[in-house]
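Please prepare a short briefing on the structure shown below, with attention to its surface, its confidence and the pairing of its strands.

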Amino acid sequence: MKNDKLKNQYRINEQIRVREVRIVGDNGSTVVPIREALNMARDEGVDLVEISPNANPPVCRLIDYSKFLYQQKKRQKEMKAKQVKVEVKEIRFGPQTDEHDYQFKLKHAKEFLEEGNKVRAYVFFRGRSILFKEQGEVLLLRFANDLEEVGKVESMPSLEGKKMFIYLAPKKAGEKKKSQQARDREAAALEAKESQKQAQPKEEVETEMPANGGLFANAKISDEALKKLTEEQ
C-alpha cells in the first residue's frame with residue numbers, strides 16, 4: 001500500500017498535461033514543449049517523470065520510472081534510519097534510598113543515556129518525608145554528578161508537588177569528558193565556597209563556579225543541600 005502511495009505521487013508521460021516542461025539532467029536543464037519532451041523520452045526508451053509540478057514550468061526527468069521509484073524508496077529508507085527517536089526514561093528514588101538500590105538505578109540510567117535517551121529522575125516524598133527535601137536534592141545532585149561522563153544536566157532539581165525532578169540528556173559523540181583532576185578541582189571549589197558561607201544565615205543562594213563552568217555552574221542550590229553534598233565528597 002505504501003508503494004502504491006509513492007507510485008501515485010508522480011505523473012508520468014501522457015499524464016503530464018501542460019504546454020511545456022523543464023527537463024533536468026546531468027548536463028543541465030532545458031525548457032521544451034511537452035510533445036517534444038515525450039518524444040525525447042520515447043527515443044531514449046525511458047519515461048518522462050514530473051518531479052516538481054508546482055514549478056513554472058513543471059520540472060521533469062527522463063528516467064526509467066521503476067528505477068526512479070526504487071531510488072525514492074531507498075532515499076526515504078535512509079532518511080528514516082537517520083532519524084533517532086529519543087525517549088525519556090524515568091528513574092524513581094525515595095528520600096532515603098539505600099546504596100544498593102542507588103547503584104542499581106544508576107547503572108540503568110547510564111545505559112539509557114548511552115543509548116541516546118533522556119533521563120528524568122525524581123525523588124518521591126510520601127507523607128511527612130517532605131521534611132527531608134534537602135536530602136532528596138543531595139541525592140539527585142549526586143546522581144547527576146555520577147553520570148556526568150555520559151549525560152549532562154538539562155534542569156537542576158526542582159520540587160513539583162510531592163516530587164523533586166532532575167533532567168539529564170545524553171552527551172553528544174565527541175563531547176569532551178571531564179578528567180578526574182578537573183572534578184577534584186570543582187569539588188575543592190565547592191568545599192571552599194561552603195567554608196566561606198558557614199557564618200551566613202541559611203537561605204537560597206546562587207552557587208558560583210570556576211570560569212570553566214561545570215555541572216553545577218549557575219545553579220541555585222540550598223545551603224543545606226550543598227553542605228551535605230560536599231560532606232559526602
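Accessible areas come from the Shrake-Rupley method with a 1.4 Å probe, and for residues only the protein chains shown count as cover. On that basis the protein exposes about 15,400 Å², of which carbon and sulfur atoms supply 47%. This is a predicted model, in which local features need pLDDT of at least 70 and side-chain atom pairs count only at pLDDT 80 or more, while totals for chains, interfaces and linings use all residues. Residues are numbered from 1 along each chain as its sequence is written, and side-chain values use heavy atoms, with hydrogens and water left out.

**Confidence**
- The average pLDDT (the predictor's confidence in each residue, from 0 to 100) is 79 for the protein, and 70% of the residues score at least 70.
- Over residues 202-213 the pLDDT is below 50, although this stretch has 25 contacts (heavy atoms within 4.5 Å) in the model beyond near neighbours in sequence.
- Where pLDDT is low, the predicted coordinates should not be read in detail.

- Strand E6 (residues 118-124) is largely enclosed by the rest of the structure, because five of its seven residues are buried, that is, under 20% relative accessible area with a 1.4 Å probe, protein chains only, where exposed means over 50% and partly exposed lies in between.
- Strands, like helices, are DSSP runs numbered from the N terminus (E, at least two residues; helices H or I, at least four), and two strands pair if DSSP finds at least two bridges between them.
- E6 runs parallel to strand E5 (residues 88-93), joined by six bridges, and Lys118 in E6 is the bridge partner of Val88.
- E6 also pairs with strand E8 (residues 163-170) in the antiparallel sense over six bridges, with Lys163 in E8 as the bridge partner of Phe124.
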